[in-house]
Amino acid sequence: MPSEPRLLPWSGTEGKRCYLITDVDGGPVSRLADATESIQLGMGKELLAHALDMLPDTPPGELRFLAECLTEALRDALRIAESRGRRLSHLN
């Protein structure tokens, strides 16, 4: 039986959200989405640690680049949180 559509951790064309409809056991795309989420969260964690190290002595141009990277990481983390929250709410 299909479950609630899963919000995937990547965007489609024109930045639109991608969803997956699958059964409870998942499949190759579900496993790819799980792996992608793990990578995205790990990259966000590393980026945050890097930002904390470099903020005190960083020139403005580099701060802008850092802010853009942190923005992307936060967007990814929020998408993952939304996707996981939806899936958890349907388990109850």
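How many helices and strands does the chain have?

**View 1. Overall fold of the predicted model.** The chain has two helices and two strands, and from the N terminus on these elements run in the order β-β-α-α. The radius of gyration is 16 Å, well over the 12 Å that the globule rule gives for 92 residues, so the chain is more spread out than a compact globule. Along its principal axes the C-alpha trace spans about 55 × 30 × 20 Å, and buried residues make up 27% of the 92 residues.

**View 2. The salt bridge between glutamate 37 and arginine 6.** The closest N and O atoms of this pair are 3.3 Å apart, and the pair links distant parts of the chain, with glutamate 37 in helix H1 (residues 28–54) and arginine 6 in strand S1 (residues 6–11), 31 residues apart. Both glutamate 37 and arginine 6 are buried, and the two belong to a network of salt bridges that links Arg6, Asp34, Glu37 and Arg84.

**View 3. The salt bridge between glutamate 68 and arginine 64 in helix H2.** Here the closest N and O atoms are 3.3 Å apart, and the two residues lie four residues apart in helix H2 (residues 60–89), about one turn of the helix. Glutamate 68 counts as partly exposed at 36% relative accessibility, whereas arginine 64, with a relative accessible area of 60%, is exposed.

**View 4. The salt bridge between arginine 75 and aspartate 76.** The side chains of arginine 75 and aspartate 76 meet with an N to O distance of 3.2 Å. Arginine 75 is partly exposed, with a relative accessible area of 44%, while aspartate 76 counts as buried at 13% relative accessibility.

Definitions and conventions
Residues numbered from 1 in each chain as written. Predicted model: local features only at pLDDT ≥ 70, side-chain atom pairs only at ≥ 80, totals over all residues. Heavy atoms only, no water. Rg over C-alpha atoms; globule rule 2.2 N^0.38 Å. Buried < 20%, exposed > 50% of the residue type's maximum accessible area, 1.4 Å probe, protein only. Salt bridge = Lys/Arg side-chain N within 4 Å of Asp/Glu carboxyl O.
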